[in-house]
Every structure is written in structure tokens, then in C-alpha cells.
Amino acid sequence: MYKILKKEKIGPNLNKFVIEAPLIPRNYQPGQFIVLKVDEAGERIPITIADADKDKGTITIFVQEVGKTTYKLGELKEGDSISDVVGPLGHPAKVDKIGTVVTIGGGVGTAIVYPETKAFKEAGNYVISIIGFRNKEHVILEEEMRKCSDELYVMTDDGSYGKKGFTTDELQELENAGRKMDLVIAIGPAIMMKKISEMTKQYNVKTIVSLNSTMMDATGMCGGCRVEVDGETKFACVDGPEFDGHKVNFDLLIKRLSAYEKQEKEALDRYKDCKIEK
Amino acid sequence: MDPREPMPKQEASERIKNFNEVALGYTEEQARREAERCIQCPKPLCVKGCPVDISIPEFIKLIVEGKYTEAARKIKEDDILPRMTGRVCPQEDQCEAQCVLGIKGSPIAIGRLERFVSDYEAENAEIEAPPVRAKKNKKVAVVGSGPAGLTVAADCARMGYDVKIFEALHKPGGVLAYGIPEFRLPKAIVGCEIEALKEMGVELECNVIIGRTITVEQLFEEGFDAIFLGLGAGLPRFLGVEGENLLGIYSANEFLTRINLMKAYKFPEYDTPINVGKKVAVIGGGNVAMDSARSAVRLGSEEVHIIYRRSRQEMPARNEEIENAEEEGVIFDLLVNPIGFAGDGKGWVKSVKLIKMELGEVDDSGRRRPIPIKGSDFFYDVETVVVAIGQKANPILLDATPEIKKNKWAYIDADGETGKTSMKGVFAGGDIVTGEATVIAAMGAGRKASRAIDEYLKTGKW
């Protein structure tokens with residue numbers, strides 16, 4: 001069992017958890033993820049590690065409530081335990097001194113791009129960050145991102161905070177202003193990563209994305225997470241999760257993410273009905 | 001000569017509605033009758049056919065004498081998991097294939113007798129932990145809790161070593177837990193056998209991926225003196241044809257893991273879902289293909305096809321499993337090969353494109369090579385596809401440990417007699433060395449590695 005040491009609601013349906021998982025921080029590097037299973041009957045879901053503390057033996061994750069598993073997680077309190085946590089999984093992000101790095105986070109993807117932004121800054125890069133959210137209520141990690149960015153742009157879809165527009169709009173402005181960009185890291189909803197990759201392909205700027213495909217064991221065993229990169233089938237769990245955005249077949253990824261839409265809705269509806277009855 | 005005692009089974013019409021075990025096991029009378037057929041050869045050939053050299057005539061004699069618990073313990077001297085091997089070993093190719101009674105009639109049902117006595121012991125006797133020798137104060141790490149790892153853990157614990165097993169998944173058992181279905185190997189039995197290991201003092205930690213959570217190097221730093229790698233093969237093979245990533249196409253690993261380990265057949269009581277359509281095609285002719293097809297039947301599919309590129313004769317699955325599948329209504333489409341999949345325009349698989357095959361000359365595998373018949377391709381409508389054509393080596397641990405040499409198939413290059421790898425103190429066995437094989441072959445490799453580990457820890461010689 002893995003104890004929840006801290007839980008903080010940081011936005012609508014968005015929680016930050018600090019979890020006791022003594023073995024995971026030791027070999028953790030930015031870009032890696034865990035798989036967790038909430039309870040005996042639970043499913044296994046992958047979640048990117050936002051931070052890890054070697055001394056305390058803890059990891060930090062941000063979880064958006066979207067389905068039954070993440071709702072169940074959201075109902076746990078400090079002191080409660082999660083039945084299974086395993087990691088760190090996947091290849092770490094390749095962090096080098098390249099020059100100017102633009103890191104882009106969409107929604108809860110900001111929590112994933114944050115440790116990488118920090119790592120690129122520490123490696124001596126000039127870091128421009130763009131983070132985008134639905135509205136003011138959903139904005140997360142602004143201060144943390146500001147600390148590790150040379151420039152930070154906060155976007156909201158409705159303009160209720162920061163600049164109005166999508167992360168792509170700000171990227172377009174940087175391009176229009178002729179800003180130097182050596183590398184783009186884009187992490188967020190598949191559709192955002194697709195749009196960003198399409199743009200940067202035109203600008204000829206290398207772009208890394210982190211793929212959130214459906215996983216079960218996340219050790220290469222099931223092949224459920226398969227994605228198409230440069231026309232070849234890859235497993236996001238063991239070959240990724242980070243890939244060259246210009247080579248990813250995003251339409252396939254988006255399709256594959258919808259494989260269990262019907263069951264996910266059924267499970268969530270039943271779960272919520274259950275709660276109401278209680 | 002008396003005929004072989006038939007195995008009582010759940011009726012096909014009943015069992016396709018549940019996941020309970022199909023074979024029900026011999027009664028005491030049946031076991032006695034079958035055991036009495038054994039002629040107690042002075043030079044028993046059956047033992048030669050067994051990868052772990054079980055004293056077969058001896059345990060059968062104990063059955064004739066009514067000493068069932070003693071018979072089970074006789075087996076356990078050589079095979080620590082008799083309840084499992086009695087169920088899943090391909091006895092017809094091993095011990096039973098050698099039985100002299102098989103020349104003129106049917107061989108002794110050694111597997112069924114093994115199953116009977118080990119179940120009898122579990123149900124009626126105090127499970128006796130095998131005697132553990134004096135503590136040696138040396139630590140052995142076992143990576144993976146499948147058949148190879150469990151064997152090494154038990155053997156090394158018996159020899160007096162401190163043993164800790166690391167398992168990547170949340171439940172132990174490896175393929176016994178995630179792969180082989182409940183109706184062929186009840187998970188409660190797997191659980192029992194693992195509990196017995198813990199009684200012997202073996203430690204078990206789940207949710208640890210060696211190569212990521214802890215590296216091999218770090219295991220040595222933590223004070224382990226020897227490491228056994230029983231990782232399993234682990235990475236599903238796909239066909240590499242057009243449309244293979246369409247929704248509704250599963251690897252057998254994923255399909256079976258969702259069902260067995262995650263209990264998707266109990267959705268929504270369990271959270272993991274699975275998509276099984278009315279018409280299912282399982283690609284492949286091995287035991288895993290049979291397990292997948294029979295699971296699909298139980299999940300309510302109306303039409304389940306096995307698609308295999310050679311003929312029935314070349315099918316690698318056990319006869320018993322092929323027969324069970326046929327009884328359950330699985331349709332066998334032989335001498336056809338999938339060459340692509342077409343989608344429904346919404347991302348889901350709609351049909352499989354097949355080509356007819358004919359058998360040519362004998363190939364490297366000793367079987368006649370299937371050759372496509374030009375222009376014979378056709379489309380066949382399906383809703384779900386399960387690809388069960390084998391596995392490749394899992395790369396996680398080996399990528400993180402370049403000291404361990406791989407062979408040309410990317411499996412671990414380990415000595416066949418000792419399991420020694422190119423890294424000092426590291427042994428390996430099972431599917432990660434040989435590629436996909438059987439439970440008992442992995443246990444045999446574990447047995448050899450245990451002896452070599454003991455030798456190494458006593459002498460320090462590599």
C-alpha cells in the first residue's frame with residue numbers, strides 16, 4: 001500500500017497528491033511516469049511523475065478527474081492508501097544544453113512539462129514557457145513555471161486570465177516575431193500536441209511530445225499503447241513516452257484513446273449514481 | 001489392457017457460460033484405477049521425458065497403496081508446483097509420450113495423477129513446508145515470479161539462502177497469473193503455491209521493475225550475492241500488416257491480461273474494460289490462441305474463429321486444448337493467413353484480409369512451410385481480432401544492463417546447463433533465454449540455475 005501524505009485541490013476536478021513510494025525517487029528522471037491502481041478492483045492507469053523527493057521517498061502527481069479511477073482517487077484523503085504504484089517507467093526526457101527551448105503545457109499537461117522545464121533551465125538553456133488552460137479557475141503551477149522560465153506566457157481559452165487564446169496562438173506570435181527556437185517540448189491533450197507539431201514542422205523546429213496512450217502493464221507486455229511513429233508501430237510505454245512530434249500519427253493516437261469511451265462513461269455514471277444513492 | 005480413465009469435465013454447453021475450471025479432476029477411485037495400470041518399469045522411460053525428473057513410478061506406486069499425500073510429497077522433491085504442472089504441462093509430448101503402454105494402447109495419465117495427488121494433499125493434509133537447510137547467510141534476488149522464478153526461489157530457500165522475489169506486476173505468478181485463464185488454472189491455486197513459498201521464508205515484493213525501479217547493479221550494492229532473471233518473454237509480436245493498429249485488434253497478451261489479471265470479465269464490478277464483439281478472429285495455432293478463443297466464447301461471442309496458416313497437424317497447441325476449443329464451438333480456419341485489416345471508417349476493425357495457403361517443403365522448424373496461393377485473397381468480416389503469434393524479448397532490463405549479453409534474437413545469452421550470463425553473479429532461465437516455451441521447461445531451467453547458484457555461492461567461482 002502506498003500512503004497519500006498530502007492532497008491538495010488545486011483546480012476544478014484537479015488534485016495534487018504527494019504519495020509515499022520509497023523505491024521510486026531513487027532512479028527517477030524527468031519525463032518518466034508511474035502506473036497506479038487505486039484498489040483491488042481498480043484498473044491500471046499511467047500518470048506522469050511531476051516531482052520526486054529522494055530524501056523523503058515521495059513522489060508528486062497531478063490528477064485530473066475524468067473517469068471512475070481518477071474520481072475514486074479524488075475522493076481519497078490524506079492518510080488513505082493506494083493499493084499499487086509502480087515506476088519510474090518509460091525513457092527519461094533527453095535534457096541537453098541546446099540554446100532556446102520552448103516548453104508548452106496544456107491543462108494538466110503543465111504538471112508534466114514542469115519538471116522538464118526545470119531540467120532544461122538547470123542545463124543552461126534559455127527557456128520560454130507557454131501554458132494554456134480552459135479558464136482562470138484551471139490555471140496551475142504558474143509560480144513554479146515562472147521560477148524556471150526566462151519568459152512565461154499564460155493562456156486561457158476564454159481570456160479570463162493571462163492572454164486569450166490557445167498555446168498555438170502564442171507559439172505563432174513567437175514565430176511571427178522571428179524568435180529563435182531550437183527545440184519545442186509540447187505536452188498536453190493529443191489534439192494540442194498535434195496542432196503544435198503541425199506548426200513547428202513548418203517552422204522546421206524539432207518538437208518532442210509525450211504520448212498518453214492507453215496502457216495496462218506499461219512494461220511492454222500488452223501492446224495496448226501502440227502508436228505509429230514514422231510509419232512504424234512503437235510501444236509508448238517502453239519506446240517512449242516521448243517521441244518526435246513531427247513523426248507521430250496523432251489521428252491514430254486520438255482514435256485509440258477512444259477505445260473504451262462507452263465503458264468509461266458507463267463505469268463513471270454507475271459510480272456517480274452509487275454515490276448519490278449513498 | 002484396461003483403457004485410460006477419462007477425465008471428468010464440465011459439459012461444454014455449461015462451461016461456455018462460466019470461467020470455472022473445465023477439467024474436474026479424478027476421483028479417488030479413478031486415480032486408483034489409473035495408477036493400477038502402471039506396470040512399474042524397472043527402467044522407467046517416463047522419467048526421461050520429464051524436464052525435472054519426477055520419480056514417476058514411485059509416486060504412482062504410492063497411489064496404488066492409497067498413500068496420496070506421500071505421493072504428492074514424492075513429486076515435490078523434484079517439482080515444487082505440481083498442482084500447476086499437473087494441469088498445464090504438455091505431458092503427451094513429455095512423460096506420457098515415453099510410456100511403454102502407449103505403444104499398444106494409451107499411456108498412463110501421469111499428469112492427471114499428478115494433479116489428483118497434489119490437489120488431495122492441498123485439500124486434506126497439512127501443507128508441509130519442505131525442510132530448509134541451515135542458513136547460509138547469503139542473499140539471492142529472483143527477478144520475476146513466473147514458473148522459473150518460483151522454482152529458483154523455492155530451491156534456493158531450501159538450500160538455506162535468503163531469497164527475495166521482485167515482481168513487476170501487482171500480483172505474483174507471471175504467466176500463471178496474467179496469461180493462463182482461470183478455466184485452465186484457477187488463480188486460487190497459484191495463490192496457494194505462492195503462500196507456501198512465503199511460509200518457507202521467501203520474501204516477495206510486487207510493483208518493482210528491475211532495470212527501472214532498481215537496477216541490477218543496485219541489487220548487488222544492496223547486498224544480494226546472486227541474481228536470477230526469470231523475466232519471461234514479455235513483448236507481443238504483431239503481424240506487421242496494414243491496419244493492425246485499428247481498434248478492436250488486441251495482442252493475446254493484452255486480451256488475456258485484461259481478462260485474467262484485471263478481471264475484465266467482471267466489468268463493471270472490476271474497472272478494467274474489454275471489447276469483445278460477436279464475431280472474433282484469433283490469429284495463431286498455439287495454446288495461447290486456444291486460451292484466447294475459449295475466453296472469447298465465455299465472454300459471449302457468437303462466432304469465434306481460429307485462423308492458422310498451416311494445417312491442424314502442424315498446430316503447436318496441445319491436442320487436449322484443441323479438442324476443448326472444438327467442443328466449445330470454436331471454428332478452425334486452417335491454411336489461411338491474414339495479410340491485412342480493413343477499418344469501418346471510424347477507426348475500428350471491420351474485416352480481416354486473408355489469403356489461402358498450401359503446404360510446401362519442410363522448413364527449419366521441421367514443419368511443412370506454408371506458401372500463399374496467388375490471387376486467393378478474400379475479406380472476412382470480424383469485430384474483434386486477437387493476435388496470438390508469439391512474443392519477443394522484453395527490452396527494459398537488458399537495455400538498462402548492457403553487461404548482460406544478448407543472443408541474435410535479443411534473448412539473454414545464458415549457458416544451457418547453468419543459466420550463467422555474461423555478468424558475474426547473474427543467472428537467467430525460462431522464456432527470456434529460450435523464447436516462448438512451456439511452464440515446465442521454465443521450471444527445468446530454474447532447477448538447473450539453482451544448482452549453479454549454489455555452486456557459485458559456495459565456491460565463488462564463475
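Reply: Happy to. In this predicted model, chain A has an open sheet of three strands, ordered β4-β3-β8, with antiparallel pairing. β4 (45–48) and β8 (84–89) of chain A sit at the edges with a single partner strand each, so one side of each has no neighbour in the sheet. From one strand to the next, the twist averages 25°.

A few terms before going on. Strands count as paired if DSSP finds at least two bridges between them. For angles, axes are lines fitted to C-alpha atoms (for helices over the stretch in contact), and the values run from 0 to 180 degrees between N-to-C directions.

On conventions, residues are numbered from 1 along each chain as its sequence is written, and chains are lettered from A and ligands numbered from 1 in the order in which they are written. Because the model is predicted, local features need pLDDT of at least 70 and side-chain atom pairs count only at pLDDT 80 or more, while totals for chains, interfaces and linings use all residues; side-chain values use heavy atoms, with hydrogens and water left out.

Back to the sheet. β3 of chain A, residues 33–37, is joined to β4(A) by four bridges, and the two run antiparallel. Ile34(A) faces Ile47(A) of β4(A) across that pairing.

Further along chain A there's a helix pair to look at. α4 (residues 167–176) and α5 (residues 190–203) of chain A pack at about 15° with their axes 10 Å apart. That angle makes α4(A) roughly parallel to α5(A); angles under 35 degrees get that label, over 145 is roughly antiparallel, 65 to 115 roughly perpendicular, and the rest oblique. On the α4(A) side, the residues in contact are Thr167(A), Thr168(A), Leu171(A), Gln172(A) and Glu175(A), and they meet Met192(A), Lys195(A), Ile196(A), Met199(A), Thr200(A) and Tyr203(A) of α5(A). By class, the contact of α4(A) with α5(A) holds five nonpolar, four polar and two charged residues. Contact here means heavy atoms within 4.5 Å, and the classes put Ala, Val, Leu, Ile, Met, Phe, Trp, Tyr, Cys and Pro under nonpolar, Asp, Glu, Lys and Arg under charged, and the others, Gly among them, under polar.

Now compare a helix pair in chain B. There, α4 (residues 56–64) and α9 (residues 110–124) pack at about 60°, axes 11 Å apart. That makes α4(B) oblique to α9(B), and their crossing is left-handed. Ile56(B), Phe59(B), Ile60(B) and Ile63(B) of α4(B) touch Ile110(B), Leu113(B), Glu114(B) and Val117(B) of α9(B). Those residues divide into seven nonpolar, no polar and one charged.

Chain B also has an open sheet of five strands, in the order β6-β14-β7-β8-β9, with parallel pairing. Its edges are β6 (249–251) and β9 (331–334) of chain B, each with a single partner strand, so one side of each is left without a neighbour in the sheet. Neighbouring strands are turned by 20° against each other on average, direction ignored. β7 (residues 279–283) and β8 (residues 303–308) of chain B run parallel, joined by five bridges, and Ile283(B) has Ile307(B) of β8(B) as its bridge partner. Helix α15 (residues 287–298) of chain B packs on this sheet, touching β7, β8, β9 and β14 (384–387) of chain B, and its direction makes about 165° with that of β8(B).

As for how the chains meet, 47 residues from chain A and 48 residues from chain B take part in the contact. Together they bury about 4000 Å², 54% of it on carbon and sulfur atoms. On the chain A side, Met221(A), Arg226(A) and Tyr260(A) lose the most area to chain B, together 17% of what that side buries. Buried area is the accessible area (1.4 Å probe) that two parts lose on being put together, summed over both.

Last, some backbone details. The peptide bond from Gly240(A) to Pro241(A) is cis, with omega near 10°, and Pro241(A) lies in the loop between α6 (236–239) and β17 (242–244) of chain A. Phe267(B) to Pro268(B) is also a cis bond, with omega near 5°.

Note on methods
Left-handed = near helix turned anticlockwise from the far one by under 90°.
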